[in-house]
Amino acid sequence: MISQRVSYLTNYFNIAFSNIKSNIAGNIFAFAIMAFSFFIMLFFLLCYVNIYNYMNLFQNRNTMIVFLRNNSKKNNVMHFIKGISGVKSVVYYNNESSMKFLENRIKHIKSVLKGINPNYLPSFIKINFKKSATSKIFLSNIYLRLKALKSVNSVYYNKMLENKIIQFIFFTKVIGLIIFIFLFILSIFISYSAIKLIILRKQSEIEILRLIGATNGYIRAPMFIESGVGAVLSFLVSFLLLFLIFKVFMFYGFDSFLEYFHIKIIFLDLRQILLVFIIALISGFLGTYLSSKKLF
Amino acid sequence: MHLIEFSHVYKNYDKNYVLRDLNFTVDKGEFIFITGPSGSGKTTTLKMLTAVEKPTHGAIRFMNAALQDLRPKDIPFLRRKIGFVFQDFKLLPDKTVFRNVALGLEVSGIFGGIITKNVSEILKSVELYTKKNEFPPALSGGEQQRVAIARALVQNPQVLLADEPTGNLDEDTSKIIMDIIKSFNNKGTTVMLATHNKNLINTGRARVIDITKS
């Protein structure tokens, strides 16, 4: 029984590969169309991952800056801050370290700071909150309590930006999901059309096979193998093309240009690549199923 | 028990009756000519035997199975017991002679050494073994029909149905094809051959079923 199934499977693979070889031009055309649709999907995913990654950088900046009054004592404020649960780290910057901090933040144009007396800069405390402690109410509460302290001149945190970015990330997620589903459906439709071209060419062959006693499974199995092989090859071509473009992009230093704007370009990880690979296989099989449905 | 039995078979397309009250039986090992003018229903009769068409009324039995009640999933198994030869050969042009004949066995789940043995034997019996690696478009009409006969008979079917098998061939080639078919009939294969060619019918002592009289 098992050897019979193995024989069937071997035969199906032989038929599928001989079909691919016998219509090499048609298959290359169909696979190229499929590769194009998978490339669009991979490219979109790469863009999405990078945009999402960039947005998350903002979201993870859970920082609050507390500017102190001149000659005020930092200890009271530090003591108060350390008593807040949810604080990850607290760093005090005096006038001189304020200057270094500023220089570091604007390192590309730090020459503008030349000749400025560090004493002009106020001392401040930088608070980093834990990821779990970034709710709008929590931060507003801390903000108000800090502002009420006598030693504190002013308090800054990116309250508005934070909310906007959270909204924007949510919006990006929703739009990304919608576009991804649309691209998935598009890839099924493209695979369906490409495979249909191959199947239409085989209509008389299918008729002959039926007349000599072939079951639907016998006729369909090689078609599914063909489209599976096509999906894998198309995916590999589209992935290699994207990888090549990405490498060229990096080679010409676009990444360091973008780094100037604190944008770090990353490539797709294994999980994301696998996702598109599985989608490619599903598109291939579903395309075959739909395009051959009318024949059976 | 008859091998094939048609009883009160009617077939119509819309309101046009192609067959009316067709009744006949075929026993194992017989050679039957089905004759009648074009459009009389010869091909339809053979198609109903392979479950390509269903009768509008009546019953068709093959090896005691009622074909009109056959489930779609059982049809391929019926067709493996029947060899079919067509006027237009119906060979796969991109497969060699050997692979075309082997298809008859592969669809039945026969693989490996048995294929090589059986296909070689049948190709020798139709005198095409030397052309086993050629492709159908490179063969003459007669040779293509011999490949089609080999493919139909390689499964060792209960009955060979031939629909105008010499319709596209010249007289000499037709004779060769008929001799091959007769030789298989002499070995015990039941043959039903549909033709309107009177000369062909007169060449042997076969039973003739004239369906225009149905």
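1. How many residues of chain A are in contact with residues of chain B? In this predicted model, 18 residues of chain A touch 20 residues of chain B. The two chains bury about 1,700 Å² between them, and 62% of that area lies on carbon and sulfur atoms. Within chain A, the residues that lose the most area to chain B are Ile208(A), Leu211(A) and Ile212(A); together they account for 37% of what that side buries.

2. The polar side of this interface can be described in a few terms. Four residue pairs are in polar contact between chain A and chain B, counting pairs with both residues at pLDDT 80 or more. As to the elements involved, α1 (2–22) and α7 (203–211) of chain A each supply at least two residues of the side that touches chain B. Helix α1(A) gives the most to that side, with seven residues. By residue class, the side of chain A that touches chain B divides into seven nonpolar, eight polar and three charged residues.

3. Which residues form the salt bridge between the chains? Lys90(B) pairs with Glu207(A), and their closest N and O atoms are 3.8 Å apart. Across the interface of chain A and chain B, the rule finds one salt bridge. Because a salt bridge requires a side-chain nitrogen of Lys or Arg within 4 Å of a carboxyl oxygen of Asp or Glu, the pair of Lys90(B) and Glu207(A), at 3.8 Å, is counted.

4. Over all chains, the structure holds 10 salt bridges. One within chain A joins the side chains of Lys202(A) and Glu226(A), at 2.6 Å from N to O. This pair links distant parts of the chain, 24 residues apart: Lys202(A) lies in the loop between α6 (159–201) and α7 of chain A, whereas Glu226(A) belongs to helix α8 of chain A.

5. Helix α8 (residues 216–251) of chain A also packs against helix α10 (residues 270–293) of chain A. The angle between them is about 145°, and their axes are 9 Å apart. The crossing of α8(A) with α10(A) is right-handed.

6. The contact between these helices involves residues of α8(A) including Met223(A), Phe224(A), Gly228(A), Ala231(A), Val232(A), Phe235(A) and Phe239(A).

Definitions and conventions: Residues numbered from 1 in each chain as written. Chains lettered and ligands numbered in written order. Predicted model: local features only at pLDDT ≥ 70, side-chain atom pairs only at ≥ 80, totals over all residues. Heavy atoms only, no water. Axes fitted to C-alpha atoms, helices over the stretch in contact; angles between N-to-C directions. Helix = DSSP H or I, 4+ residues; strand = E, 2+ residues; numbered from the N terminus. Left-handed = near helix turned anticlockwise from the far one by under 90°. Contact = heavy atoms within 4.5 Å. Buried area = accessible area lost by both parts, 1.4 Å probe. Polar contact = N/O pair within 3.5 Å; in protein donor to acceptor, adjacent residues only side chain to side chain. Nonpolar A, V, L, I, M, F, W, Y, C, P; charged D, E, K, R; others polar.
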